[in-house]
Amino acid sequence: MLCETMQNGNQNQTEQACYIRFFNGAIGMDTANVFVNGELMAQDLRHGAFSAFRKAKPGVYKLDVRVASDGTDEVFSELIALMEDVAYTVALAGDIELMSIAVLPLDLRQDVRLPSIRFANVMAHDTVLDINIDGQKAVTGLMFKEISENIEIEPSNHFVAVYDADDQKILEDGFAIASRKKYLGIIAGDMGETDNPPVLYISTDMPIM
C-alpha cells in the first residue's frame with residue numbers, strides 16, 4: 001500500500017515521508033480515477049476538485065489515469081518520483097485527448113508562519129499567463145504546467161485577475177487568506193470553449209502534519 005489518507009495527528013519526525021494528492025484540471029475529464037502502482041488513490045475525482053493528501057514513502061511510482069475505476073479506458077500513464085519532506089500536488093492538465101500532468105512540489109521544510117500563495121497553469125493549449133493581486137503584478141509569463149514562486153501575502157480578502165499573453169483579462173476572482181496557511185491556486189480551463197472557461201481553483205497547499 002502506498003500511503004494512508006492524511007488525518008489530524010502528529011508525524012513521526014524520524015520517518016522519511018512525503019505527501020501526494022491529485023487535482024483534476026483536464027478538459028473533457030468530468031471525473032477521473034487515479035491509480036498509483038495499481039492501487040486506486042483517487043476515485044471519481046471531479047473536474048476542478050482536489051483529492052486529500054496521502055502519506056507516501058519516497059520512491060518511483062507508476063501513475064495511471066482512467067475514466068473507469070474497473071481498469072478500463074486508461075487515458076494516461078507515467079512514472080513519477082517522490083522525495084522526502086515534499087508535498088506533491090499532481091494536476092491532470094490540458095485535455096482528455098492529449099492529457100499530461102503537472103507535478104507541483106512544495107518543500108515542507110520552509111517557514112509556515114508566513115502566509116503565502118503560489119499559482120500553477122494547467123490551461124489547455126499552452127496559454128502563457130500574467131497574474132495581478134489587488135491590482136499589482138504578482139506573476140509574469142507563467143507557462144503551461146509551470147508553478148510560480150511563493151508570494152507572501154497578508155491574511156485578508158484579496159482580488160486576483162489573470163491575463164493572457166495578449167494582455168486580455170481571462171478571469172477575475174476573490175479569495176481569502178488565513179494566517180499561518182499556504183495556498184495553491186491552479187488555473188484550468190480553455191479560452192476557446194465557452195463550456196470550459198478559465199477558472200481559478202484555490203486550496204490550502206500543505207497537508208495536516
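Visitor: Which residue in S5 is the bridge partner of Phe35?
Guide: Strands here are DSSP runs (E, at least two residues), numbered from the N terminus, and two strands pair if DSSP finds at least two bridges between them. In this predicted model, S2 and strand S5 (residues 59–66) pair in the antiparallel sense over 4 bridges. Within that pairing, the partner of Phe35 in S5 is Asp64.

Visitor: What is the mean pLDDT of the chain?
Guide: Residues are numbered from 1 along each chain as its sequence is written, and side-chain values use heavy atoms, with hydrogens and water left out. As the model is a predicted one, local features need pLDDT of at least 70 and side-chain atom pairs count only at pLDDT 80 or more, whereas totals for chains, interfaces and linings use all residues. The pLDDT is the predictor's confidence in each residue, from 0 to 100. In this chain 89% of the residues reach 70 or more, and the mean is 88.

Visitor: How many contacts does the stretch of residues 5–14 have beyond near neighbours in sequence?
Guide: Over residues 5–14 the pLDDT is below 50. Contact means heavy atoms within 4.5 Å. Beyond near neighbours in sequence, the number of contacts that this stretch has in the model is 16.

Visitor: How many residues lie between S2 and S3 in their hairpin?
Guide: S2 and strand S3 (residues 39–46) pair in the antiparallel sense over 5 bridges, and Ala32 stands opposite Leu45 in S3. In the turn of the hairpin, Asn37 has a positive phi of about 50°. The number of residues between the two strands is 2.

Visitor: Is Asn33 buried or exposed?
Guide: Asn33 lies in strand S2 (residues 31–36), where 5 of the 6 residues are buried. A polar atom of the Asn33 side chain lies 3.0 Å from the backbone nitrogen of Asp44. With a relative accessible area of 0%, Asn33 is buried.

Visitor: What is the bridge partner of Phe22 in S7?
Guide: Strand S1 (residues 18–24) and strand S7 (residues 86–93) pair in the parallel sense over 6 bridges. Through this pairing, Phe22 has as its partner in S7 the residue Val90.

Visitor: With which residue does the side chain of Ser203 make a polar contact?
Guide: Ser203 lies in strand S16 (residues 199–204) and counts as buried, at 14% relative accessibility. Leaving aside neighbours within four places in sequence, Ser203 is in contact with several residues, including Phe50, Lys182 and Tyr183. A polar contact is a pair of N or O atoms within 3.5 Å; within protein, one must be able to donate a hydrogen and the other to accept it, and residues adjacent in sequence count only if both atoms are side-chain atoms. At 2.9 Å, side chain to side chain, the partner of Ser203 is Arg21.

Visitor: Which residue in S16 stands opposite Ile186?
Guide: S16 belongs to an open sheet of 4 strands with the order S12-S9-S15-S16 and mixed pairing. Strand S12 (151–152) and S16 stand at the edges, each with a single partner strand. S16 pairs with strand S15 (residues 182–188) in the antiparallel sense over 6 bridges. Opposite Ile186 stands Tyr201.

Visitor: How many salt bridges does a search of the whole structure find?
Guide: One of them joins Asp130 and Lys137, the closest N and O atoms being 3.9 Å apart. Another is formed by the side chains of Glu172 and Lys169, at 3.0 Å, N to O. Salt bridges that share partners also join Arg21, Arg118 and Asp205 into one network. The number found in the whole structure is 7.

Key:
Buried < 20%, exposed > 50% of the residue type's maximum accessible area, 1.4 Å probe, protein only. Salt bridge = Lys/Arg side-chain N within 4 Å of Asp/Glu carboxyl O.
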